[in-house]
Structures are given as C-alpha cells and as structure tokens.
Amino acid sequence: MVLGTEPKPYEGHLAIRLNEDRIIIIIKGSNPDDCIWFLEVDTEYVKQQKKASGTEVVAWSKGARGDAEKPVVISGPSGVGKGTLINMLMKEFPSMFGFSISHTTRAPRGTEKNEVHYHFTERSIMEKDIKDGKFLEFASVHGNLYGTSIKAVEAVADSGKRCILDIDVQGAKSVRASSLDAVFIFIGPPSMRELEERLRLRGTETEEQVQKRLRNAEAEIEQGKSSGIFDHILCNDNLEKCYENLKKLLGLDGSAPTNTKPSPKGIDLPPNHSVSKIDNKILIKCEAPESGNATKNSIVLDISSLKGGAPGRTRGLKRDS
Ligand SMILES: Nc1nc2c(ncn2[C@@H]2O[C@H](COP(=O)(O)OP(=O)(O)O)[C@@H](O)[C@H]2O)c(=O)[nH]1
Ligand SMILES: Nc1ncnc2c1ncn2[C@@H]1O[C@H](COP(=O)(O)OP(=O)(O)O)[C@@H](O)[C@H]1O
C-alpha cells in the first residue's frame, strides 16, 4: 500500500537511504519547491499503518525547507464557536493558515459549498477510502461519518500554510496517537445554557439534531477537559477575548516571533547532479553538462533536525550552502 501524495511523474531521480526508516529522493529537473521527497519505509506512521492494514506499507512525504509551523487541531462541542474563531484567524492571517477540508456524510447546510467547507460524500465511498488508508483519522459524530484525508492535510502543507483542523474529540484523540505533530486546542462554552442558545440562534439544525448535539456536548466537554489530549483549553465566553487568547497561544499577539512570511523557496537543482551522504549532511554535487565534472556549486542539506513526515510534510530540512 502506497500512502500519501506521490511526486508528479518525473524523468529521473537520485535516492539515498537515510537510516532504517526513510529514503530521501532528489528529483531531477523539477521545480525548486518540488524536488526533495521522502519515501518512508519504517517510520512510526508506516508501522502503525502496517499494523492496521495487515499489509506492506510505504508512505510519501514531501520535504519542506525550514520549519513550517505545526498544524493546529481545534475541537469542542457543536455550537461553541470553533468555525467562527477559525474564520476570524483565516481572515486576519490569510497567507498563514489553511483549512483542512474534511470529508463528511452529512448533508450540506444552506450556505455550505462542496470542497470549500467539506467534501460531502457518500458513506460507502468514504468507508472504502478509509479501508484503503486514505484517512488520517475519522469518527462517527452525531450520527454521521467525518474524517480528515491525508490529501487534505498535505494540500495545506503544500500551499506553504499552517494547517488548521476542526475535528471532534475522538478525531483529536486519533491524531494525538498518530505521528502528526500538532498543537491541540479545546474550546469550551461558558455554560450548557449558552451553548444551547448559540445552537438555536445559528438555526442550521432541526430540533432533533440540536438535542443530539447537546447530549453529545456533555461527554465531549468532559473528555476535552480531563482526557489529557489537549495542550490548551479556552472558554469562548466573550468572542473577542477568546480570539485574543487563541492568537496569544499561537504566538500571534506580537509576544513571540511569528512565521508570517511565506515558507522559504525550495532548492534549484540543475539537471545533472550526484548525491552522497556524510553523517547528517546530504551533499548534492552539481555537474557541468559537458564535462561531467563536479563544479563548486554544491548544495549541502542538513538533515540533523528532521521533523514531521507522513502524513504531511517532512520539515526541518536546512540548507548549509
Ligand atoms: N473526527 C472528525 N471530526 C470532524 C471532522 N470534521 C468535522 N468534525 C467534527 O464534527 C462535528 C460536527 O461538525 P458539523 O456537522 O460541521 O457541525 P458543527 O460542529 O455544529 O458546526 C464537529 O465537532 C466537528 O469538529 C473530521 O474530519 N474528523
Ligand atoms: N462568544 C460567542 N458569543 C456568542 N455567540 C457566539 C460566540 N461565538 C460564536 N457564536 C455564535 O454561535 C454560533 C455557533 O458558532 P459556530 O462557529 O458555528 O460553532 P461550531 O463551529 O463550534 O459549531 C454561531 O451563530 C456564532 O455566530
């Protein structure tokens, strides 16, 4: 089973096994943002997937130079204001955050658009894709199936943005147990009464669905507060205050340096090069087309602080020269 998004078809590559768990693949003639890939053969993620599927597994992960920030997982009961807070964040920092578009079997609401708010799908199709290892996590929530595809997370990573996931507590638990290194935030309501009022005022659910969501909310709040899954718990009482607190813990209030710039450009590889590994360095020698001799234009990549990996990008690749 081959997981993750594969590189586009290419003419040639160089590959070196980094250690027991992954192979670095340097693609010839591709654009600078798309030339370093990892094929994971025995990482934690691959091991988990092997166990779950009972078959041989490898996983692709694209290399990202520099330190793209960790994805952000936001959970909380229905109607607490997750969507509102996420929209505020995306509106204020459009070049910084990208939303992971989940799949769901629930019907779209009036204003919701397919492939913008959710990938609305049929249960049988989604179940098959889950079986085929295409999902990072999934859960049955309020009677419908919801899930995050690996592609959804990778699409955000490939746009160079920080990924935001709006998922339920069970989903957060699965992601916590996976190899995706993320920040986990739980949003709680000031009271059940206020939660009920918000759900009713939103006016998107039938009475039966409101009742179901409220019944589930109590267990979700309990789990959110006591399960140890979450790094941060915020109360969405006053919206502006909660938003300020959210920004603060994401380092967006000016108290910590933020990565507001687009992620650094990739590596410009000439068509002819050779590659070797010396300790924690990858040496890419660029050869002059006619002579075949190595020129002084070598590129050294430092792999000593690789982070992340499938499902998602491999971050922390540094260029020494
Ligand atoms: N596990 C999981 N939960 C999801 C996913 N997408 C959305 N959810 C959760 O499903 C629940 C219901 O979402 P939705 O139907 O949009 O209703 P809302 O929470 O009332 O806006 C919420 O708790 C979401 O966080 C997903 O991909 N995975
Ligand atoms: N702090 C708040 N005070 C009052 N209403 C709020 C607050 N935060 C969100 N809302 C409103 O509550 C409703 C539910 O918010 P929403 O973002 O859709 O929740 P969720 O995505 O968690 O289901 C929306 O109508 C939203 O405008």
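A residue counts as buried when its relative accessible area is under 20%. Histidine 142 has 14% relative accessibility, so histidine 142 is buried. This model is predicted.

## Overall form

The protein chain has eight helices and 19 strands. Its radius of gyration is 22 Å, close to the 20 Å that the globule rule gives for 321 residues, so the chain is as compact as a globular protein of that length. Along the principal axes, the C-alpha trace spans about 75 × 45 × 35 Å.

Of the 321 residues, 46% count as buried. Among contacts with a separation of 6 or more, 58% join residues 24 or more positions apart. The chain carries 46 positive and 45 negative side chains. The centres of these two sets lie 2 Å apart.

## Nonpolar cores

In soluble globular proteins, nonpolar side chains tend to be buried together. The largest nonpolar core here holds 25 residues. Ile74, Leu89, Phe97, Ile185, Leu246 and Leu250 touch the most other members. Six elements each supply at least two residues of this core: strand E6 (72–75), helix H2 (82–92), strand E13 (183–188), helix H6 (192–202), helix H7 (207–226) and helix H8 (239–249). H2 gives the most, with four residues.

Leaving out residues up to four places away in sequence, phenylalanine 97 is in contact with Leu89, Met90, Lys161, Arg162, Ile164, Leu250 and Leu252. A second, separate core has 24 residues, including Val46, Cys163, Ile221 and Ala310.

## Around strand E6

Two loop residues belong here. Lysine 70 sits in the loop between strand E5 (58–65) and E6. Glycine 81 sits in the loop between E6 and H2.

Lysine 70 has a relative accessible area of 32%, so lysine 70 is partly exposed. Beyond its neighbours within four places in sequence, lysine 70 contacts Arg162, Asp181, Ala182, Val183 and Arg315. Arg162 is also among the contacts of phenylalanine 97.

Glycine 81 is buried because its relative accessible area is 15%. Glycine 81 and aspartate 237 are 156 residues apart in sequence, yet 9.6 Å apart in space, C-alpha to C-alpha.

Histidine 273 lies in strand E15 (residues 273–278). Its relative accessibility is 4%, so histidine 273 counts as buried. Its contacts, not counting residues up to four places away, are Leu14, Ile26, Lys28, Ile284, Lys285, Cys286 and Glu287.

Glycine 171 lies in helix H5 (residues 169–177). At 0% relative accessibility, glycine 171 is buried too. Outside four places in sequence, glycine 171 touches Glu137 and Ala139. The C-alpha atoms of glycine 171 and glycine 254 are separated by 31 Å, and the two are 83 residues apart along the chain.

## Backbone exceptions

Most residues other than glycine have a negative phi, and most peptide bonds are trans.

| Site | Backbone value | Loop |
|---|---|---|
| Glutamate 115 | positive phi, about 70° | between strand E8 (103–104) and strand E9 (119–120) |
| Histidine 142 | positive phi, about 45° | between strand E10 (135–141) and strand E11 (144–149) |
| Alanine 310 to proline 311 | cis, omega near -5° | proline 311 between strand E18 (307–308) and strand E19 (314–319) |

Histidine 142, at 14%, counts as buried. Ala310, on the cis bond to proline 311, is also included in the second core.

Note on methods:
Residues are numbered from 1 along each chain as its sequence is written. Chains are lettered from A and ligands numbered from 1 in the order in which they are written. This is a predicted model: local features need pLDDT of at least 70, side-chain atom pairs count only at pLDDT 80 or more; totals for chains, interfaces and linings use all residues. Side-chain values use heavy atoms; hydrogens and water are left out. A nonpolar core is a set of buried Ala, Val, Leu, Ile, Met, Phe, Trp, Tyr and Cys residues joined through side-chain atoms within 4.5 Å. Buried means under 20% relative accessible area, exposed over 50%, partly exposed in between (1.4 Å probe, protein chains only). Contact means heavy atoms within 4.5 Å. The radius of gyration is taken over C-alpha atoms; the globule rule is 2.2 Å times the number of residues to the power 0.38. Lys and Arg count as positive and Asp and Glu as negative; His and the chain ends are not counted. The place of a charge is taken as NZ of Lys, CZ of Arg, CG of Asp or CD of Glu.
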